[in-house]
Amino acid sequence: MSGAGRFAELAAAVGASVPAGSGPGSAALTVDDPERMHGFGVEVGRRLGAGDLVLLTGDLGAGKTTFTRGLGEGLGVRGPVTSPTFVLARTHPSLVGGAPLVHVDAYRLGSALELDDLDIDFDHSVVVVEWGAGLIEALAESWLSITIDRPHGAGEGAGDGAADGAGGEADSADDPDEGVEPIEPRQVALIAVGGRWA
Ligand SMILES: Nc1ncnc2c1ncn2[C@@H]1O[C@H](COP(=O)(O)OP(=O)(O)OP(=O)(O)O)[C@@H](O)[C@H]1O
Ligand SMILES: [Mg+2]
C-alpha cells in the first residue's frame, strides 16, 4: 500500500534526517563506508515492491553499484548485481517469489524514447535506473530519487598506483567494481516524487 508515511518510514529505517527547511519528501544521510552503503541498499530493498522505481544519481565510483547490490540482497533477487556496462538493462529474478529487479544503465541512452524502447515492465518489477535523471520524468509519475555525492571530490583518479612494476597484471581483475576508490563518507540525498511515496 502506498499512502502517507511510506517515505518517512524509509527515512527513519535508514537513519536519514529531514534537512531544515525542506519538505516531507526529502531526507539526507551520511554513509561512511562501502559496507554501510551496502547495508543502506539492503534496508531500501526490503521496503520495495512491484511498481517501485528508484532513480540513482552519482559520479563514477560514487557507490551506485555498491548500493544496488545491497538493494538486490534486501529484495531477495538472484545476483550478482554488477554495473550493467555492456547491457542497457539486466533483470534479476526473485528468489523469494517477489518482484524481479531490473537494473538499468541509461548512461549511453540519448532520450526518454530510447529508454521507453527497452520495454521495461515497470508495473511488475522493481526498477533501478542509473544515469536516468532527465529521461525517466517523461515515462513515470512517481519514483524515489537517490543521489550519492562525494563531498571530498573525485580523489586521486582511479588507482593505477602500483601499475608498471609487475608486468602489467591488473590486480583488480577478479572484481572490476571494487577496490579503486579510497574509503570516504558519501552524502546521500533521498527525494520522493509522486504519489507512491507521498
Ligand atoms: N562511503 C562509501 N560508500 C560507497 N562506496 C565507497 C565508500 N567509500 C569508498 N567507496 C568505494 O567506492 C567505490 C564505489 O564503486 P561503485 O562501483 O559502487 O560505484 P558506481 O557509482 O557504481 O561507479 P560507476 O559509475 O563507475 O559504475 C568502491 O570501490 C567502494 O569501495
Ligand atoms: Mg556502477
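**Reading a ligand shell and a helix**

Modeller: In this predicted model, the shell around ligand 1 has, by class, 8 nonpolar, 7 polar and 8 charged residues.

Biologist: Which residues are the closest to ligand 1, and how many surround it?

Modeller: A shell is read by listing the residues around the ligand and then looking at where they come from. Here 23 residues surround ligand 1, and the closest are G63, K64, T65, T66 and E181. Helices α2 and α3 (64-75) each supply at least two residues of this shell, and the largest share, 3 residues, comes from α3.

Biologist: What pattern does the protein chain follow along the sequence?

Modeller: The chain has 4 helices and 7 strands, and, read along the sequence, their pattern is α-β-α-β-α-β-β-α-β-β-β. Of its 198 residues, 32% count as buried.

Biologist: Which residues of helix α1 are buried, and why do they lie on the same side of α1?

Modeller: In α1 (residues 6-13), the buried residues are F7, L10 and A11. They lie on the same side of α1 because they cover an arc of only 100° around the axis. The face turned away from that buried side carries the exposed residues E9 and A12.

Biologist: What do the buried residues of α1 pack against, and which residue with a positive phi follows α1?

Modeller: The buried residues of α1 pack against β1 (26-31), α2 (34-46) and β7 (186-193), while the residue that follows α1 is G15, whose phi is positive, near 75°.

How values were computed:
Residues are numbered from 1 along each chain as its sequence is written. Chains are lettered from A and ligands numbered from 1 in the order in which they are written. This is a predicted model: local features need pLDDT of at least 70, side-chain atom pairs count only at pLDDT 80 or more; totals for chains, interfaces and linings use all residues. A residue is buried if 20 or more other C-beta atoms lie within 10 Å of its own, exposed if 12 or fewer, and partly exposed in between; C-beta atoms are placed from the backbone. The arc is that of the directions from the helix axis to the C-beta atoms. Two residues are in contact if their C-beta atoms, placed from the backbone, lie within 7 Å. A residue is near a molecule or strand if its C-beta atom, placed from the backbone, lies within 6 Å of it. Ala, Val, Leu, Ile, Met, Phe, Trp, Tyr, Cys and Pro count as nonpolar, Asp, Glu, Lys and Arg as charged, and the others, Gly among them, as polar.
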